[in-house]
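Let's take a friendly walk through a protein model. Have a look at the structure first, and then read on.

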Amino acid sequence: MTPTDMDFDGDPMRVRVPGGRLRRIALATGSAALLIAMATDALAVAGRHLGVRFLGAIEIVEACVAVAATSAIVIATIDGTHARVRIVLEQVGERVATALERLADVCSAIIFLLLAAGSIWLASDLWQGHEVTEVLGLPLRWFRLFWIAGVLLAAVIFAVHARKLRR
């Protein structure tokens, strides 16, 4: 193991290779959303100093944050970088550690499925309401659908990873 394979505490790190089409799409989508949010906020601040109001800037930033957060969840799930406490895994054998990691992945998949179920329920209740933002009238249904797709994707990735650990 080389020094680059260790974290600051000297513990071995999983080496993550960037790539994969899905990861690149999520990265591009989240990056674009953050750039739009940053540009919008910068224009709003500059406009305030110049005496020009940028109505709806907060709504644009909020929509971009929803897209960026969803993309970040998908990327973290693909990379396997969600927060995990590994104290127990370090104290048990490899078979038990693998079983516990599989259990954690299954629980994570269930949590994301529950998030999706609640979001679908909310979206179905509000779908005919044509829910929009106050100033710009941005339709919120598409951001809800993006979120639902993201959490369902995270659930699938966790389930696939749990299945691979079983082998």
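## The overall picture

This is a predicted model. The protein has five helices and zero strands, so its elements, read from the N terminus, run α-α-α-α-α.

Of the 167 residues in the protein, 25% are buried. Take the contacts with a separation of 6 or more: 66% of them are between residues 24 or more positions apart.

## How two helices pack

Two packed helices are described by the angle between their axes and the distance between the axes.

The crossing of α1 past α2 is left-handed. Sorted by class, the residues in this contact are 17 nonpolar, four polar and three charged.

## A closer look at T133

Now find T133, in the loop between α4 (94–126) and α5 (141–166). Is T133 buried or exposed? Its relative accessibility is 14%. Buried means under 20%, so T133 counts as buried.

Which residues does T133 touch, leaving aside those up to four places away in sequence? They are E59, L138 and L140. With E59, the T133 side chain makes a polar contact, side chain to side chain, at 2.8 Å. In L138, the backbone nitrogen lies 2.8 Å from a polar atom of the T133 side chain.

Methods: Residues numbered from 1 in each chain as written. Predicted model: local features only at pLDDT ≥ 70, side-chain atom pairs only at ≥ 80, totals over all residues. Heavy atoms only, no water. Helix = DSSP H or I, 4+ residues; strand = E, 2+ residues; numbered from the N terminus. Buried < 20%, exposed > 50% of the residue type's maximum accessible area, 1.4 Å probe, protein only. Polar contact = N/O pair within 3.5 Å; in protein donor to acceptor, adjacent residues only side chain to side chain. Contact = heavy atoms within 4.5 Å. Left-handed = near helix turned anticlockwise from the far one by under 90°. Nonpolar A, V, L, I, M, F, W, Y, C, P; charged D, E, K, R; others polar.
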